[in-house]
Amino acid sequence: MPHTDAVDPRPRSELDADGTWRLAGLRCLRCPAVSAHVWPRCPACGGPVERAVFGPGGTVWSSTVVRIPVAGREPPVALAYVDLDDGPRVLAHAPLGPDAPPVGSRVVLVAPTAAGDPAVGTVVGTVPGTGAGVAS
């Protein structure tokens with residue numbers, strides 16, 4: 001049973017008014033650090049921070065397929081570390097094909113999983129006039 005005072009360590013997904021999924025976090029006002037977690041001070045330099053939102057697009061830095069049961073998740077599960085555009089690197093659930101998304105592929109944030117984990121979809125095109133990706 002989880003502790004009632006425990007803080008959920010996962011990045012928090014937010015849906016913008018225009019229907020775009022983003023991750024909430026912070027940006028340091030003193031150094032170039034960004035974080036998908038909300039801290040009272042910058043984790044890199046200790047400086048002041050401001051709220052920021054990141055995404056929706058990003059690039060896969062690394063990915064894998066988990067093929068064993070893990071804490072209430074039914075295998076197989078594709079996971080990817082994603083470098084969000086102008087933002088931090090985050091771990092997200094990814095679309096599962098024969099393999100996980102290849103390194104360097106473009107992805108876009110989608111609705112979080114039923115468990116609340118960040119998720120991405122593969123980019124299949126762009127929204128006209130915005131350059132933002134459209135997920136499959």
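**The aromatic pair and the cysteines**

Modeller: Tyrosine 81 is partly exposed, at 38% relative accessible area; buried means under 20%, exposed over 50%, and partly exposed in between (1.4 Å probe, protein chains only). This is a predicted model, in which local features need pLDDT of at least 70 and side-chain atom pairs count only at pLDDT 80 or more, while totals for chains, interfaces and linings use all residues. Residues are numbered from 1 along each chain as its sequence is written, and side-chain values use heavy atoms, with hydrogens and water left out.

The count of aromatic pairs is one. Rings of Phe, Tyr and Trp (its six-membered ring) pair if their centres lie within 6.5 Å; planes under 30 degrees apart are stacked, over 60 edge-to-face, and the rest tilted. The pair links distant parts of the chain, 20 residues apart: tryptophan 61 lies in strand β5 (residues 57-66) and tyrosine 81 in strand β6 (residues 77-84). Strands (E, at least two residues) are DSSP runs, numbered from the N terminus.

Tryptophan 61 is also partly exposed, at 44%. Over its ring sits the charged end of arginine 89, 3.7 Å from the centre; the criterion is NZ of Lys or CZ of Arg within 6 Å of the ring centre and within 35 degrees of the ring normal.

As for the cysteines, the whole structure has zero disulfides, a disulfide being two cysteine sulfur atoms within 2.5 Å. The sulfur of cysteine 28 has its closest cysteine sulfur in cysteine 42, at 3.6 Å, too far for a bond. Cysteine 28 is buried at 6% relative accessibility, and cysteine 42 is buried at 5%.

Methods: Helix = DSSP H or I, 4+ residues; strand = E, 2+ residues; numbered from the N terminus.
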